[in-house]
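Here is a short briefing on one protein model. It starts with the surface, then turns to shape, fold and core.

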Amino acid sequence: MVGTQVTKAPPSLLYMVKQVELVVRSHLDELVKPAGITALQYTSLTVLERHDGLSAAQLARDSFVTAQSMADLVRSLENRGLIRRERNPHNRRELLILLTDEGRALLARYTDAVRELEERMVRELSAHQTDQFRQALSKAWHALS
């Protein structure tokens, strides 16, 4: 078959999203390594920064980890003094997870570096394309949630 050109299908969107997630996690792990935390721990701290006082189950869902992984993560962050747990005043059986001042200070130290990483990721997109990208990702997430 001389002269026949085979056109390859583009990679699936699921594959491409996973590629982006893995490279972001790798860069974020390197970025926060000097603080002695992982990208997953950093993500959990940022979730608490936006929504302080979550249960471990809610923090796990919002941080994209299993309940078992969250239990280990919470223990580690609590031992480092980055979070604290206290009883829910409305449900004494439930413990709420709160960001400490040390946790907030750690996040503040990495704000600029993380922003630079995000800017690097979208460097070749216009501001309008970046906004569209953010909206598309949000819609995709909601469609599967």
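The protein exposes about 10600 Å², and carbon and sulfur atoms supply 56% of that area (Shrake-Rupley method, 1.4 Å probe; for residues, only the protein chains shown count as cover). The model is predicted: local features need pLDDT of at least 70, side-chain atom pairs count only at pLDDT 80 or more, and totals for chains, interfaces and linings use all residues. Residues are numbered from 1 along each chain as its sequence is written, and side-chain values use heavy atoms, with hydrogens and water left out.

**Shape**
- The C-alpha trace spans about 75 × 30 × 30 Å along its principal axes.
- The radius of gyration is 19 Å, whereas a compact globule of 145 residues would have one near 15 Å (taken over C-alpha atoms; globule rule 2.2 Å times the number of residues to the power 0.38).

**Fold**
- The protein has 6 helices and 2 strands (DSSP runs: H or I, at least four residues; E, at least two; numbered from the N terminus).
- Their pattern along the sequence is α-α-α-α-β-β-α-α.

**Core**
- Buried residues make up 26% of the 145 residues (under 20% relative accessible area, 1.4 Å probe, protein chains only).
- The largest nonpolar core has 25 residues (buried Ala, Val, Leu, Ile, Met, Phe, Trp, Tyr and Cys joined through side-chain atoms within 4.5 Å).
- α2 (39-50) is among the elements that give two or more residues to this core; its share, 5 residues, is the largest.
- Tyr42 is one of the residues with the most contacts inside the core (heavy atoms within 4.5 Å).
- Not counting residues up to four places away in sequence, Tyr42 touches Leu28, Val32, Ile37, Leu107, Tyr110 and Val114.

Key:
Buried means under 20% relative accessible area, exposed over 50%, partly exposed in between (1.4 Å probe, protein chains only).
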